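Let's take a friendly walk through this model, one element at a time. Have the structure open and follow along.

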Amino acid sequence: MLVLVAPGQGAQTPGFLTEWLDFPGVRGALEAWSDAAGLDLIRYGTEADAEEIRDTAVAQPLLVAAGLASAALLFDDPAELPQKVGAIAGHSVGEFTAASLAGVLPHEEALRLVRTRGLGMAEAAAVTETGMAALLGGDPAVTVAHLEKLGLTPANINGAGQIVAAGTKEQLAALEADKPEGVRKVVALKVAGAFHTHHMAPAVDTLAKAAEALAPGDPKVRCVSNKDGRTVDGGAEVLERLVGQVANPVRWDLCMETFKELGVTALIEVCPGGTLTGLAKRALPGVKTLALKSPADLDAARELIAEHA
């Protein structure tokens, strides 16, 4: 059983879209999505430096566009995706990519909505100086209790020994000075704020208003929600969860548990892949994984689809 996953913010790197533009249809799609988002995605994906694409309002639509474009090249016909993919999921903003690939939102609508999300989250992040840090190792229960003692939120519980803490700069500094027992390392993340925490509540309101005008379709592929790892069958509920997850923790550990229960045998991470396949290698032993980092990975990905679809 094949699972398709989409990465979240932080996966982007300067120039990562350049090679993908050589494929038929990609440039035209990115131009259409740029119009929808009001953002020159081609320039940001090919010419912009690391600081420019770190901007939350830029990074989020850029990642969704990259995921949609690379996923389209996995199949001769987009209609094949629902027939060959057993489940789909995304980490944080990657859930927008997954929902659009599953048919919940047309790609242009997804890009408009995610641009609204990015702008709203950037505005919320500007209110207080906040950030995020990854904790490697340790017992999850001990780590979560320690974070809560420091006033931090376990914003991403990723499984495979990784939890991401989020909060104010002062709280993160206290964490650096007082690591939970068993945690080997605390790594500051290159993000603009404390995503998936109460600090993002204003962005939820903004996104909810934008979502009111949409008419989501029911997913054509089993969608696994990063809120709780549950599969969601209705388009309206998928959209509701996309709105709410902005200020709530990402439970990628539970998504991977669901993949296991569903009988996953192979997992492909769309561009810019790497992060989620790394977690899967540790948490899902025996499952074949492949990250779409560049077009050079397409042939191997298609072979994996042929074997496991």
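The buried residues of helix 8 (residues 140–149) pack against strand 3 (130–137), strand 4 (153–159), strand 5 (162–168), helix 9 (169–177) and strand 6 (183–188). Contact here means heavy atoms within 4.5 Å; helices (H or I, at least four residues) and strands (E, at least two) are DSSP runs, numbered from the N terminus. This is a predicted model, in which local features need pLDDT of at least 70 and side-chain atom pairs count only at pLDDT 80 or more, while totals for chains, interfaces and linings use all residues. Residues are numbered from 1 along each chain as its sequence is written, and side-chain values use heavy atoms, with hydrogens and water left out.

Which residues of helix 8 are buried? They are Thr143, Val144, His146 and Leu147, where buried means under 20% relative accessible area, exposed over 50% and partly exposed in between (1.4 Å probe, protein chains only). Seen down the helix axis, these buried residues fall within an arc of 165 degrees, so they line one face of helix 8; the arc is taken from the directions from the helix axis to the C-beta atoms. The face turned away from that buried side carries the exposed residues Ala141, Glu148 and Lys149. At the start of helix 8, a side-chain oxygen of Asp139 comes within 3.1 Å of the backbone nitrogen of Ala141. Just after the helix, Gly151 has a positive phi of about 85 degrees.

Now to strand 9 (residues 266–269). Ala266 and Ile268 point one way from this strand, Leu267 and Glu269 point the other way, and all are buried. Its pairings are listed here; two strands pair if DSSP finds at least two bridges between them.

| Partner of strand 9 | Sense and bridges | A bridge pair |
|---|---|---|
| Strand 10 (residues 288–291) | parallel, four bridges | Glu269 and Ala291 |

Ile268 also belongs to the largest nonpolar core, which has 82 residues; those with the most contacts inside it are Leu4, Leu74, Leu111, Ile268 and Leu292. Such a core is a set of buried Ala, Val, Leu, Ile, Met, Phe, Trp, Tyr and Cys residues joined through side-chain atoms within 4.5 Å. Helix 4 (residues 56–72) gives the largest share of this core, nine residues. Leaving aside residues up to four places away in sequence, Leu74 touches Leu4, Ile268, Leu292, Leu298, Ala301, Arg302 and Ile305.

Technical notes
Polar contact = N/O pair within 3.5 Å; in protein donor to acceptor, adjacent residues only side chain to side chain.
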